[in-house]
Amino acid sequence: MPNSRPRPRRGARSSAGAAGRDELVSRSLQSAEHCMRAQDFGTAYAHYLLVLSLAPELKDDVKETFQYTLFRWAEELDALNRTQDLLGCYEQALELFPDDEVICNSMGEHLFRMGFRDEAAGYFHKAVKLNPDFSDAKENFYRVANWLVERWHFIMLNDTKRNTIYNAAIQKAVCLGSKSVLDIGAGTGILSMFAKKAGAHSVYACELSKTMYELACDVVAANQMEAGITLLHMKSLDIEIPKHIPERVSLVVTETVDAGLFGEGIVESLIHAWEHLLLQPKTKGDNDNCEKYGKVIPASAVIFGMAVECAEIRRYHRVGIKDIAGICLPANVKFQSPAYSSSDTEETIEPYTTEKMSRVPGGYVALTECFEIMTVDFNNLQELKSLATKKPDKISVPVIKEGILDAIVVWFVLQLDDEHSLSTSPSEETCWEQAVYPVHDLADYRIKPGDHVMMEVSCQDCYLRIQNISVFSSDYEMDVGKSFTKNKDLLSLGNEAELCSALANLQTSKPDAVEQTCVLESTEIALLNNIPYHEGFKMAMRKVLSSLTPEKRCQAMESQDSEMSCESGQNNSEQNASEPFYVLDVSEGFSILPIIAGVLGRVKPYSSVEKDQHRITLDLVSEANHFSKETLEFWLRHVEDESAVLQRPKSDKLWSIIILDVIEPSGLIQQEIMEKAAISRCLLQSGGKIFPQYVLMFGLLVESQTLLEENAVQGTARTLGLNIAPFINQFQVPIRVFLDLSSLPCIPLSKPVELLRLDLMTPYLNTSNREVKVHICKSGRVTAIPFWYHMFLDDEIRLDTSSEVSHWKQAAVVLENPIQVETGEELVLSVQHHKSNVSITVKQ
């Protein structure tokens, strides 16, 4: 019978179930511990997951062991490139321990290594919020905070003039009847709050960045406007009516403009807004209520330009020398920075870089008058649509001053309405930088009055493009900027003499020469232009290699032992005549140091460059210097993964020289550099050296209002009474990078002092904590401590990262609370070095 078996009592079943669960938990714990001892971390991790799902009350007891297992298993998954499994493990761990700052920080580290910087920054930020004293998470967060909240947010919010003019234009539009508002690219929500304060009935704000969206939610709530402002975490291109907003709006406000005006996608977003989100525009002669019509703030813009000479721009975008420490750069290799625009390529490359021209080191010289490049009406849909399809406009600008043509500098005037405007000109004190279009590919960069600078201007791929920059010379009445290697150029020549000249050029070029265009980062180009850097390395490497040569050692010995030693040395030399010295360059990016090493004697140099075009270029440079390209090895081809780059050249050989990158171009110490140095020391032959051998860090005390304003929003006055500072200032970082002390607006209050020594060859000389007394030379407010480095290749050869030819920039610690000091006083700085991060605090 189906129901003949007696059912157990409910309490007995529960008791039996609990006993079974306890036994399973106990067995799983034992199995996890056994797997841990056997270093089977994957299976141990699975057992701990089962334990915690069955017995969550054991979380506190097994937390530390679980963390250790997770981290070790994650390392194995990372080495096997099992990315999805690794992320899945961390997601499971964070479900069990959502408020564990150590797991959050570790998850962030893995994401950062994988290239997911925004996501990594979010986890670091969460870890810091969970435990503000967790130093590892703080240091990680400081390094990636720029990807969460870009630094220009602080500068822009501190720009009182910009805020005042935008507020006035929005207020005027709302008063005239534009009562429904959409803020595109809301950021902190400041423009939305201007609209609400002006009396708008409904305000919508969209923001794509998750961090900025959450920040805006907090800011709007703190200013008690959450009931009147609807925040949307999405792109404006994805907004639908009535799904996201109930009906079309009468006013769009936006400031999605970059230094080149169009780079943040304002054209695309406004085309979509006019087609789907805005009411129809007001036609001429209509005097009805503005509430019935659509309108955009800013209404229009005028773009201006100017040709300039600027040595600083030149050294970051053009390789200006043909001989680097005796290495000849061949004519068939052309170096270019990423900031260029070629009409022959289909790639979308950002065609400009940005500079605060009023602060560019060494200044600049205007070679032409300011000229108008383009106007755009943001309230005209047809004009916006035609921008992307319009043929390039040709512009010819007369030269007014003799000089070297280095760049076209671009800025704009943003006309918010018929009354209010903002200029981003270099002569204006504004939060914007200017767009810089470096000039490439001219036969002669020197120009003079009477010449004309020619260019083509267009708006393609949502970028303002200035292409085919050339010079029409008054002397030759021909375009010296054009290449003569294309038929179209030959056809465009005006007379027979010019045609013959062009043909002569064609005939004298080698038909079989391999041409290579090598695109380098601007800091890599500045490095190639850094003559003292390469000369210093050449001298230092020659010294080391000479000291390791047996013949040199013989000469240094006393005369009595000289004959015996030399005989053995010669025998040794004969035995080792075929064995070269091994030199490994693991500096970041493109480097010709291996080639410089290769011409110093019997050397087998290894380069760690990754990109194929960089390897091809180095091969061409080697050939041009009669240096067999088979001699130069690309080390990453010999190692299974990049993390194993520091290892022996051969099983029975060691390196004579290892070149490490100690300082980032930004001015910070490279991550894990001391760990790399420790491995390198074990791989050196007797008498071998690491370059640099040691580094001294220097700093001084300064007063700089500029650094304060670029690092944090200063109170509520700058934001016209709106409470934004406490929220965005959560993302301020104590260290500002990519500074140039030679042009930074600041007042020095002390002389430079040595802050820290990093010794890569003799680690016992390093200290992780140090106190430094600084004598005050001038009264004022200490707001920051800029710092830089002296890199010693040996005791005599030194490279200064603050010199005017340096490819490195400087950095500065910005104090949260400035300190008033008087002449003659002393301040004590506490300098701490932890995991390649340096913190500097003032002891009160």
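Asn 81 is found in the loop between helices H3 and H4, helices being DSSP runs (H or I) of at least four residues, numbered from the N terminus. The model is predicted, so local features need pLDDT of at least 70 and side-chain atom pairs count only at pLDDT 80 or more, whereas totals for chains, interfaces and linings use all residues. Residues are numbered from 1 along each chain as its sequence is written, and side-chain values use heavy atoms, without hydrogens and water.

- Asn 81 has a positive phi of about 60° although it is not a glycine.
- Most residues other than glycine have a negative phi.
- Asn 81 is exposed, with a relative accessible area of 65% (buried is under 20%, exposed over 50%, partly exposed in between; 1.4 Å probe, protein chains only).

**Packing of H3 against H4**
- The axes of H3 (residues 59-79) and H4 (residues 83-96) come within 10 Å and cross at roughly 170°; axes are lines fitted to C-alpha atoms over the stretch in contact, with angles from 0 to 180 degrees between N-to-C directions.
- H3 and H4 are therefore roughly antiparallel, a term for angles over 145 degrees.
- Residues of H3 including Phe 66, Leu 70 and Trp 73 meet residues of H4 including Leu 86, Cys 89 and Tyr 90, contact meaning heavy atoms within 4.5 Å.

**Asp 100**
- Asp 100 lies in the loop between H4 and helix H5 (101-114).
- Asp 100 is buried, with a relative accessible area of 1%.
- Leaving aside neighbours within four places in sequence, Asp 100 is in contact with Lys 63, Gln 67 and Leu 130.

Technical notes:
Helix = DSSP H or I, 4+ residues; strand = E, 2+ residues; numbered from the N terminus. Parallel < 35°, antiparallel > 145°, perpendicular 65-115°, else oblique.
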